[in-house]
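Student: Could you take me through how to read a few features of a protein model, beginning with the general idea each time and then turning to the case at hand?

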Amino acid sequence: MQYFPLFVDTQSLKVVIVGAGDVASRKLDLLCRTEAVITVVAPEVSDEVLAYAKQGRIALEQRPVEAEDIEGISLLYMATADEQLNQHYAEVASSKGVWVNVVDSPELCRFITPSIVDRGRLIVAISTAGAAPVFARDLRAKLESLLSPSIAPLFDFIASKRAEVQSRLPVFKQRKLFWERFFTVNGEQFDTQTSALYEQCFSELDAAGELLLLDEQADAQLLPIAILPVLQKIDAIYSTQALKPSLLELLRRDAQRCKYQSIDELTPLLDTGEKILVVAPNATLTNLKTVYQQAKQIQVGHIA
């Protein structure tokens with residue numbers, strides 16, 4: 001993984017963009033949604049960039065860039081048509097520890113800007129590490145159509161209720177079950193029923209645990225697609241040997257991982273609503289299905 005994705009708090013971010021043409025204006029269209037302090041430096045300015053300056057959203061310096069412009073900033077975007085100028089100030093920025101992005105020159109970039117789906121508090125970032133921006137654009141279009149615009153007010157509603165939920169449900173497991181139930185009954189929409197469904201979920205927390213079984217010899221790449229959302233909800237993984245990397249990619253990264261020792265250790269967790277995956281030899285899974293008849297075994301192509 002050459003580019004590691006990060007979400008940066010922009011409240012105190014100082015950004016300089018060198019260049020004020022069409023490319024710079026496209027960067028501004030995205031950056032101006034953030035809380036960053038933005039300065040644009042360029043002798044010639046497009047109407048789009050000038051409009052941001054007139055709105056007071058950016059500081060505009062209509063002059064050639066100088067080395068002093070790189071002092072004390074967080075990010076630098078070089079968006080000029082002068083390749084030598086771009087390279088020179090990319091090197092200056094790097095020497096000062098400033099992260100730089102040179103438009104259309106990934107070899108000079110300390111960071112790249114991904115394709116973004118913006119739904120308020122929900123942000124989806126897509127990158128192909130500069131290899132196929134057209135593919136990233138097409139994937140973004142698909143996600144735009146899948147994610148309803150009502151997700152933005154829904155997440156605002158959830159944010160406004162988090163303190164109340166923590167107060168009413170002081171135990172973490174209760175809160176987890178509550179939010180899982182809420183998203184199940186409410187879905188992705190925000191409408192006149194959302195508040196009522198929110199209250200309803202406080203009385204529906206007596207959820208039984210779930211036990212999933214997987215043969216340790218199973219090929220993770222051949223598992224049914226329908227199981228992927230289920231695996232992302234697993235709380236604890238019990239296994240008799242180290243898990244294969246291909247399987248780990250499908251599981252929640254923060255799920256608890258334990259060595260499987262006996263059947264008895266699972267019952268207390270299931271009674272408190274835990275979702276458990278046991279990865280073990282088929283003989284062990286057969287014994288577990290005898291004791292826990294509600295257990296479901298994941299098999300290639302289907303769930304039994």
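The dialogue below takes up surface charge, cysteines and a backbone angle in this predicted model.

Student: Which residues gather in a patch of negative charge on the surface?

Tutor: In general, Asp and Glu count as negative. In this structure, the surface patch of negative charge brings together Asp22, Asp29, Asp47 and Glu48, and the elements that give two or more residues to this patch are helix 1 (22-31) and helix 2 (47-54).

Student: Where is Glu48 placed, and what is its relative accessible area?

Tutor: Glu48 has its place in helix 2, and with a relative accessible area of 43% Glu48 is partly exposed.

Student: How many disulfides does the structure hold?

Tutor: The general idea is that a disulfide needs two cysteine sulfur atoms within 2.5 Å. The structure holds zero disulfides; for Cys109, the closest cysteine sulfur is that of Cys32, and because the two sulfurs are 20 Å apart, they are too far from each other for a bond.

Student: What is the phi of Asp104, and where does Asp104 lie?

Tutor: Asp104 is a residue other than glycine with a positive phi, near 65°, and Asp104 lies in the loop that runs between strand 5 (99-102) and strand 6 (115-119). Exposed means over 50% relative accessible area, and Asp104, at 73%, is therefore exposed.

Technical notes
Residues numbered from 1 in each chain as written. Predicted model: local features only at pLDDT ≥ 70, side-chain atom pairs only at ≥ 80, totals over all residues. Heavy atoms only, no water. Patch = residues over 30% accessible without salt bridge, like charges linked within 9 Å, V, L, I, M, F, W, Y side chains within 5 Å. Areas by Shrake-Rupley, 256 points an atom, 1.4 Å probe, with all protein chains shown as cover. Salt bridge = Lys/Arg side-chain N within 4 Å of Asp/Glu carboxyl O. Charge placed at Lys NZ, Arg CZ, Asp CG, Glu CD. Helix = DSSP H or I, 4+ residues; strand = E, 2+ residues; numbered from the N terminus. Buried < 20%, exposed > 50% of the residue type's maximum accessible area, 1.4 Å probe, protein only.
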